[in-house]
Amino acid sequence: MPAPHAPSVRVRPVDGHDMPDLVRVDREAFPDDPMPYSVLRQFVDMFAENLLVAEDGDGRVCAYLLATPPNRGESWIFSLGVAPGMRRHGLARALMRASLENLRAEGAATVLLWVEPNNKPAATLYDSFGFVSDPRGPRRDHFGPGADRIRMTLRLRPPTTP
Ligand SMILES: CC(C)(COP(=O)(O)OP(=O)(O)OC[C@H]1O[C@@H](n2cnc3c(N)ncnc32)[C@H](O)[C@@H]1OP(=O)(O)O)[C@@H](O)C(=O)NCCC(=O)NCCS
């Protein structure tokens, strides 16, 4: 059930000083498969505009979303994580809204992502933004042995006709 009093949320692009917080949130959100520090560091270097963080009312970073800049009209939501104690406060929704707005402005026509078949919180969130699951169903072992994933797609604008 949503929290009765959602804290005020500020969404902004990451900066280099956020590294410790980013590492903490990633480890809390993905305890079984956190990103190596070096990988996160390079994402900050490469995709600063597309790596958004959400701060609570006290300025503490408690969520992030990493998207890829459009490539031939396609962007990917690469990762989205919210610290466990801050879930159901609308942080993921705020990050998604801001990221999709940015991607649209950058010219993305399609946004894609992979989601675990049993990750109901994430799938429900993506559904609510209009993402559509691949009708072919989960891709077996897509993220490695036993790690099936479903591809979800959101069209931001219709494909251009030649
Ligand atoms: C999935 C996740 C990002 C959602 O973050 P969140 O900040 O709690 O989500 P929000 O509060 O913004 O909720 C937005 C919507 O998502 C859906 N949702 C979120 N948590 C849900 C849950 N536990 N059960 C069902 N729906 C849920 C709802 O549609 C919700 O809208 P509502 O509150 O109006 O009902 C968060 O649970 C998380 O970090 N999980 C671990 C990492 C992860 O799985 N990332 C996604 C990888 S694809």
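Predicted model: local features only at pLDDT ≥ 70, side-chain atom pairs only at ≥ 80, totals over all residues.

Student: Which way do S4 and S5 run, and how many bridges join them?

Tutor: S4 and S5 run parallel, joined by three bridges.

Student: And what's the strand order in the whole sheet?

Tutor: The order is S1-S2-S3-S4-S5-S7-S6, an open sheet of seven strands with mixed pairing. S1 and S6 are at the edges with a single partner strand each, so one side of each has no neighbour in the sheet.

Student: What does S6 pair with?

Tutor: S6 is joined to S7 by two bridges, and the two run antiparallel. Val-132 has Thr-153 in S7 as its bridge partner.

Student: Why call S2 largely enclosed by the rest of the structure?

Tutor: Because five of the five residues of S2, residues 51-55, are buried. Leu-51, Val-53 and Glu-55 point one way from the strand, Leu-52 and Ala-54 point the other way, and all are buried.

Student: Which residue in S3 stands opposite Val-53?

Tutor: Tyr-64 does. S2 and S3 pair in the antiparallel sense over five bridges. They form a hairpin with five residues between them, and Gly-59 in the turn has a positive phi of about 80 degrees.

Student: How many residues sit between S3 and S4 in their hairpin?

Tutor: Six there, and Arg-72 in that turn has a positive phi of about 50 degrees. Five bridges join S3 to S4, again running antiparallel, with Ala-67 opposite Ile-77 in S4.

Student: Switching to Asn-50. Where is it found?

Tutor: Asn-50 is in the loop between helix H2 (37-47) and S2.

Student: Is that Asn-50 buried or exposed?

Tutor: Buried: its relative accessible area is 7%, and the cut-off for buried is under 20%.

Student: What does the Asn-50 side chain make a polar contact with?

Tutor: The side chain of Glu-106, at 3.3 Å. Leaving out residues up to four places away in sequence, Asn-50 touches Leu-65, Leu-66, Ala-67, Pro-69, Leu-103 and Glu-106.

Student: What about Phe-143, where does that lie?

Tutor: Phe-143 lies in the loop between S6 and S7. The residue is partly exposed, with a relative accessible area of 47%.

Student: What does Phe-143 touch?

Tutor: Trp-114 and Arg-149, not counting residues up to four places away in sequence. Phe-143 and Trp-114 are 29 residues apart in sequence, and their C-alpha atoms are 9.3 Å apart.

Student: Now the inside. Which residues touch the most other members of the largest nonpolar core?

Tutor: Ile-77, Leu-80, Met-96, Val-111, Tyr-126 and Phe-131, out of 30 residues in that core. S2, S3, S4, H3, S5, H4 and S7 each supply at least two residues of this core. The largest share, six residues, comes from H3.

Student: What does Met-96 touch?

Tutor: Not counting residues up to four places away in sequence, Met-96 touches Leu-65, Ile-77, Leu-80, Leu-125, Tyr-126, Phe-129 and Phe-131. Another core, of 15 residues, lies apart from the largest one, and Met-19, Val-23, Val-53 and Tyr-64 are among its members.

Student: Which residues of H1 are buried?

Tutor: In H1 (residues 19-29) they are Met-19, Leu-22, Val-23, Arg-24, Val-25, Asp-26 and Ala-29. The cover over those buried residues includes H2, S2, S3 and S4.

Student: Last topic, the ligand. Which residues come nearest?

Tutor: Leu-80, Val-82, Arg-88, Gly-90 and Asn-119, of the 19 residues around the ligand.

Student: What's within reach of the backbone?

Tutor: A nitrogen atom of the ligand lies 2.8 Å from a backbone N or O atom of Leu-80. For Gly-90, a polar backbone atom is 2.8 Å from a ligand oxygen atom, and a backbone N or O atom of His-89 lies 3.4 Å from an oxygen atom of the ligand.

Student: And how much of the ligand does the protein bury?

Tutor: 78% of the 920 Å² that the ligand exposes when taken alone.

Terms used: Residues numbered from 1 in each chain as written. Heavy atoms only, no water. Buried < 20%, exposed > 50% of the residue type's maximum accessible area, 1.4 Å probe, protein only. Helix = DSSP H or I, 4+ residues; strand = E, 2+ residues; numbered from the N terminus. Pairing = 2+ DSSP bridges. Polar contact = N/O pair within 3.5 Å; in protein donor to acceptor, adjacent residues only side chain to side chain. Contact = heavy atoms within 4.5 Å. Core = buried A, V, L, I, M, F, W, Y, C linked by side-chain atoms within 4.5 Å. Near = heavy atom within 4 Å. Areas by Shrake-Rupley, 256 points an atom, 1.4 Å probe, with all protein chains shown as cover.
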